Amino acid sequence: MNMSRKLLAVPAAGAAVLMMTAAPALASSSAWEGMGDLQPVPVNDAPGSGSAMITLDGTTLDFTLAYQGLLADAPHAAHIHYAEDARNMCPTAEDDADGDGFLTTTEGGPAYGGIKVSLTTEGDTSPDSGLAVDRFGVGDDVSYSRGGVEVDQETADALADGEAVVVVHGVDHDGSGAYDEGDRGMSDLDPALPGEATDPALCGVVEVSQMGGVPGGGVETGQAPVDGQNLGLIAAGGVALAAGGALLVSRRRSADQS
Ligand SMILES: [Cu+2]
């Protein structure tokens, strides 16, 4: 083997490694970040706002839920809602089906679907914990985070497609300073709870804001890359491919000549 072929073999191997590592990243990653801008549900008009920050990697969810202005010293159940046959949006005034001036969680169902994930502060996050009022945020200035929450594939897809809706519950309709039966009556979800405790207060559709961390998520989900990382990696892969091809050609020529 002459000297020039030895020197060529090193960069050729380097190019091959580049191609091998780039290809799986493009095919398998689906990490992204998103946010739901939480605004008062129409009709109920709770005095508050908030945000749900979401990071999803495959089916593993990290979230930070923050909201202000809701009833002080009272628990606020919060969930990710979704249903395939829902409108995948926040309710409108038209969703107050019986026109009584209270938009119940059930009446909001056609807009946002059922509970898929309970955004509890600890423990179980399944729909079973939907009304676990001792494991949600309490009060009028709330912020908490959790990591490593496993969601099902349907929920992960709904989140990535901008079809999942975060809802925070609990509306003091009559301004009494507590959840009570009042004019609203008892809850459509649990007859043991006042309707004020479960009515939807804040709502926001989760929108993908960044295909973050691992390049290539945009390829798998069909979403446009927003930070140019995908394009950069594809370009780098193209260069590696071209360089590898050129080296193969030159190596073949060397072999022919020897
Ligand atoms: Cu909910």
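Visitor: Which residues are linked in a network of salt bridges here?
Guide: Lys116, Asp152 and Glu154 are. A salt bridge here is a side-chain nitrogen of Lys or Arg within 4 Å of a carboxyl oxygen of Asp or Glu. This is a predicted model, where local features need pLDDT of at least 70, side-chain atom pairs count only at pLDDT 80 or more, and totals for chains, interfaces and linings use all residues. Residues are numbered from 1 along each chain as its sequence is written, and side-chain values use heavy atoms, with hydrogens and water left out.

Visitor: And how far apart in sequence are Lys116 and Glu154?
Guide: The side chains meet at 2.7 Å, N to O. Lys116 sits in strand E6 and Glu154 in helix H3, so this bridge ties together parts 38 residues apart in sequence. Helices (H or I, at least four residues) and strands (E, at least two) are DSSP runs, numbered from the N terminus.

Visitor: How many salt bridges does the count come to?
Guide: Five. One of them joins Asp199 to Arg184, with the closest N and O atoms 2.6 Å apart. Asp199 is in the loop between H4 and E10 and Arg184 in the loop between E9 and H4, so the pair ties together parts 15 residues apart in sequence. Arg184 also forms a salt bridge with Asp188, at 2.9 Å between the closest N and O atoms.

Visitor: OK, switching to the metal. What are the protein donors of the copper ion?
Guide: His79 through ND1, plus His81 and His169 through NE2, lying 1.9 to 2.0 Å from the copper ion. Donors are N, O and S atoms within 2.8 Å of the metal (3.2 Å for Na, K and Ca), and since water is not among the atoms, sites may look incomplete. In sequence the spacing is H-x1-H-x87-H. His81 in strand E5 and His169 in strand E9 are 88 residues apart, so that pair links distant parts of the chain. His81 is buried at 1% relative accessibility, and His169 is buried at 2%.

Visitor: Which cysteines does the disulfide join?
Guide: Cys90 and Cys203, with S to S at 2.0 Å; a disulfide is a pair of cysteine sulfur atoms within 2.5 Å. The link is left-handed, with -95° about the S-S bond. Cys90 is in the loop between E5 and helix H2 and Cys203 in strand E10, so the pair ties together parts 113 residues apart in sequence.

Visitor: Which residues of H2 are buried?
Guide: Thr105, Glu107, Gly108, Ala111 and Tyr112. Down the axis of H2 they fall within an arc of 150°, so they line one face of the helix; the arc is that of the directions from the helix axis to the C-beta atoms. These buried residues pack against E5, strand E6, E9, H4 and E10. After H2 comes Gly113, with a positive phi near 80°.

Notes: Buried means under 20% relative accessible area, exposed over 50%, partly exposed in between (1.4 Å probe, protein chains only). Contact means heavy atoms within 4.5 Å.
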